[in-house]
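Student: I would like to learn how to read helix packing, cores and chain contacts from a model. Can we work through one together?

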Amino acid sequence: MGKLRTALIFGAIAILGAIALGVIALHQGESISAVWIVVAALCVYAIAYRFYARYLAGKVMGLNAKRPTPAVRHNDGLDYVPTPRNVLFGHHFAAIAGAGPLVGPVLAAQMGYLPGVLWILVGAVLAGAVQDMMVLFMSTRRDGRSLGDMVRTEMGPIPGIIAQVGVLMIMVIILAVLALVVVKALAESPWGTFTVAATIPIAIFMGLYTRYLRPGRVGEISLIGVVLLILAIIGGGHIAADPFWGPAFTLSGTTLAIAMMAYGFVASVIPVWLLLAPRDYLSTFLKIGAILGLAVGILIVRPHIQMPAVTPFIDGSGPVFSGALFPFLFITIACGAVSGFHALISSGTTPKLLENENQIPLIGYGAMLCESFVAIMALIAATVLDPAVYFAMNSPVAVIGDNAVSAAAAVAQWGFHITPAELEQLARDVGEHSILSRAGGAPTLAVGMAHILSGVIGGKAMMAFWYHFAILFEALFILTTVDAGTRVCRFMIQDLLGVAVPKMRETKSWTANVLATALTVGLWGYFLYTGVVDPLGGINSLWPLFGIANQMLAAVALILGTVVLFKMKRERFAWATAVPAVWLLICTLTAGFQKLLHPDVKIGFLAHARKYQEALAAGDLLAPAKTAGDMHRIIINDYVNSALTAGFLFVVLTMVVYGVRACLKARRINHPTVVEQPAAHELTLEDEAMDIARA
Amino acid sequence: MPRPSAPADNADLLCVCRDALVRWGKDARRTASLMVGQPDYEVYVAHAEATHPDQPPLDRTAFFRLHEARRFGAGGAFRCC
């Protein structure tokens, strides 16, 4: 009876999903409702979760509900706490859902909605969710150990160190590119700058409140904080219109970049309760609220997709980022399809809170499907805009000029029509001077969200409010990530420097603290600054680097998963992690070599450096350089980016070599060789004594 | 078919609904606070009293500050891009 019911329900879901995908496939050239994409996505997720996640759990990993999890074995009420699965699901989802799934799909929309939708769905189901679930499984079987630790114990000390350095490089690039997204959103926007700046005093007030007035009352202070934020958004409109304060909050990209570095430094050095923790409450709750709001908005408004299914820019000539569909689509949309960063979270706090192994599919696989759905919604928000608006907003000044007339003329050449007056009217609708050349995803998403949310509440009159609400919500949680990430990087640097100078390891030492923080901020600040002054918008060179780094980390996690399956003597199921690992290797290696060696100066860093060197030798200056010194800096910057790309390639190639060697070695041995915590009935007396001592 | 005893059933239904709402509310609160790195204090106290009845458990404020410091301390606060 139960089987029949399952067959009927999932048969119906399969038919519905097939109809939705059919509508998407057959209506090329005419606009379709976004609801079809939502329905197709939900059906794909339901089927994948019911069948593939269950297959992974039962056959591939062999989850055992009787085997105690770290939370049960070491239950201390503090770090290791068995947590109800719904509660843990929310925690895990909030930790993995960041700005990535909101930005990547918006950038990838330049190729049309279809490639993005397909990669987000296929990638999440076969790669991203598999990676998250596999890492959670491995970490749960190893007392909640981190990814780096597991690479060391399962693959050896050298790959362990390489992975650790790789993670640090990725962190730096992530922080730089996220900061760049915020700078692009706030530059020349007094309203946005004011509201984001207002979060600092609001957070400090909240911090003092939770410290001295009513300690630990997170709920009530978060409510107060949200009300203050809404007042700040409303007040921002008046500030922007004010003849004195308006210009005072109108900052250039370079000023903002320097301000963000100074701010990031201060925020991660001062006590966390004062600024970082309270802003974390605001950003977390606002993020969840905004995601739910967007989902409800799409279902109520049921907007039509305006972007073509596929644009001519799949050939690599697009203005938003350069490079052909393969491999650049697959690294541009990282989070939402597959994100290596999740491997750090799935091997962080989540395994220490897991009640039972049989919840691994829900937490590991299910939460990633939700994040994938966030990416689908971001893609919808970007593609319901008029494509002419989308390209005017996302193309660099170097391509479309700096005014509405030149922008309208430029997008008309690509076949999208809009009048300069309409572009200016849209800017006025959202309360901005200009919406041109705001690559980086956030402003486009904000206009898309304003378009959808104003259809639910407030109509055109509220459009400016919703736009700045969306900008604030993105900027807020990006800044929280940047500050918290700066601290994480600082501890990693202290750890690495501690090898040479033991004094650097002391996390309480002010000298070590300030030195390591300054080094971290200097590293991401360098990439941020070069991104801000780049005439092609910065995102063009930094986002691919970020994508390569993130997908490379995913490949490392999947290689580790494959090694572990071989060592468990489950190699006949290892294709489940090996196939996505190989696909990611193909994408990252191709993209990496193209970024290094491609003859097109828009893609290849070395070709770009050569062009500037030749111009310099001939005594010419190329924009944006105004002096020979600028030219030198641009060339050095190209070499830094090349070195970083080469570093990523080195990391991933060595991991492949070590991974293959570990698999072959495990194949030759005819018994399992994994380094797992033994199942309960195999617990020795010593283990139990250890547990008691730990408790 | 015998007539169902309507009042009693309604009362049961109300109870079930109320219980479900209370449970959801509790779960939602727990989820929200775990999202910002604060586990459930009641669970901790129950655990501490069961395992170490001889030692007084941390008070609410100390428990809160401990987790606040851990979330942003060494090894903590990994968050996705």
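Student: At what angle do helix 1 and helix 2 of chain A pack, and how far apart are their axes?

Tutor: A reminder before the numbers: this is a predicted model. Two packed helices are described by the angle between their axes and the distance between the axes. Here helix 1 (residues 2-26) and helix 2 (residues 34-61) of chain A pack at about 140°. Their axes are 8 Å apart. The crossing of helix 1 and helix 2 of chain A is left-handed.

Student: Which residues of helix 1 and helix 2 of chain A make the contact?

Tutor: From helix 1 of chain A, the list includes Phe10(A), Ile13(A), Ala14(A), Gly17(A) and Leu21(A). From helix 2 of chain A, it includes Trp36(A), Ala40(A), Cys43(A), Ile47(A) and Arg50(A). By class, the contact has 16 nonpolar, one polar and one charged residues.

Student: How do the axes of helix 6 and helix 25 of chain A cross?

Tutor: Helix 6 (residues 113-140) and helix 25 (residues 539-567) of chain A have axes that come within 10 Å and cross at roughly 55°. That angle makes helix 6 of chain A oblique to helix 25 of chain A. The crossing is left-handed. Helix 6 of chain A contributes Gln131(A), Met134(A), Val135(A) and Met138(A). Helix 25 of chain A contributes Ala554(A), Ala557(A), Leu558(A), Gly561(A) and Val564(A). The classes are seven nonpolar, two polar and no charged residues.

Student: Is the crossing of helix 9 and helix 23 of chain A left-handed or right-handed?

Tutor: Helix 9 of chain A passes helix 23 of chain A in a right-handed crossing. The axes of helix 9 (residues 190-213) and helix 23 of chain A come within 10 Å, at roughly 45°. The two helices are therefore oblique to each other. Trp191(A), Gly192(A), Thr195(A), Val196(A) and Thr199(A) of helix 9 of chain A meet His468(A), Ile471(A), Leu472(A), Ala475(A) and Leu476(A) of helix 23 of chain A. That contact has six nonpolar, four polar and no charged residues.

Student: Now the core. Which residues touch the most other members of the largest nonpolar core?

Tutor: In soluble globular proteins, nonpolar side chains tend to be buried together. In this model, the largest nonpolar core has 246 residues, and Ala176(A) and Ala179(A) touch the most other members. Helix 23 (residues 463-498) of chain A gives the largest share of this core, 22 residues. Leaving out residues up to four places away in sequence, Ala179(A) touches Met260(A), Val482(A), Trp524(A) and Leu528(A).

Student: Where is Pro70(A), and is Pro70(A) buried or exposed?

Tutor: Pro70(A) is in helix 3 (residues 70-73) of chain A. Pro70(A) counts as buried, with 22 C-beta neighbours inside 10 Å. Now look along the chain. Pro70(A) and Lys352(A) are 282 residues apart in sequence, yet their C-alpha atoms are separated by 5.7 Å. Beyond four places in sequence, Pro70(A) touches Tyr80(A), Thr140(A), Asp143(A), Gly144(A), Pro351(A) and Lys352(A).

Student: Asp143(A) is in that list. What is the phi of Asp143(A)?

Tutor: Phi of Asp143(A) is near 60°, a positive value in a residue other than glycine. Asp143(A) sits in the loop between helix 6 and helix 7 (147-155) of chain A. Asp143(A) is partly exposed, with 16 other C-beta atoms within 10 Å. Ser437(A) also calls for a look. Phi of Ser437(A) is near 50°, again positive in a non-glycine residue. Ser437(A) lies in the loop between helix 21 (420-429) and helix 22 (442-456) of chain A. Ser437(A) is buried, with 23 other C-beta atoms within 10 Å.

Student: Which residues does a cis peptide bond join?

Tutor: Phe326(A) and Pro327(A), with omega about 5°. Pro327(A) lies in helix 14 (residues 325-332) of chain A.

Student: Last, chain B. How many helices and strands has chain B?

Tutor: Chain B has three helices and zero strands. Its pattern along the sequence is α-α-α. Of its 81 residues, 26% are buried.

Conventions:
Residues numbered from 1 in each chain as written. Chains lettered and ligands numbered in written order. Predicted model: local features only at pLDDT ≥ 70, side-chain atom pairs only at ≥ 80, totals over all residues. Axes fitted to C-alpha atoms, helices over the stretch in contact; angles between N-to-C directions. Helix = DSSP H or I, 4+ residues; strand = E, 2+ residues; numbered from the N terminus. Parallel < 35°, antiparallel > 145°, perpendicular 65-115°, else oblique. Left-handed = near helix turned anticlockwise from the far one by under 90°. Contact = placed C-beta atoms within 7 Å. Nonpolar A, V, L, I, M, F, W, Y, C, P; charged D, E, K, R; others polar. Buried ≥ 20, exposed ≤ 12 C-beta atoms within 10 Å, placed from the backbone. Core = buried A, V, L, I, M, F, W, Y, C linked by C-beta atoms within 7 Å.
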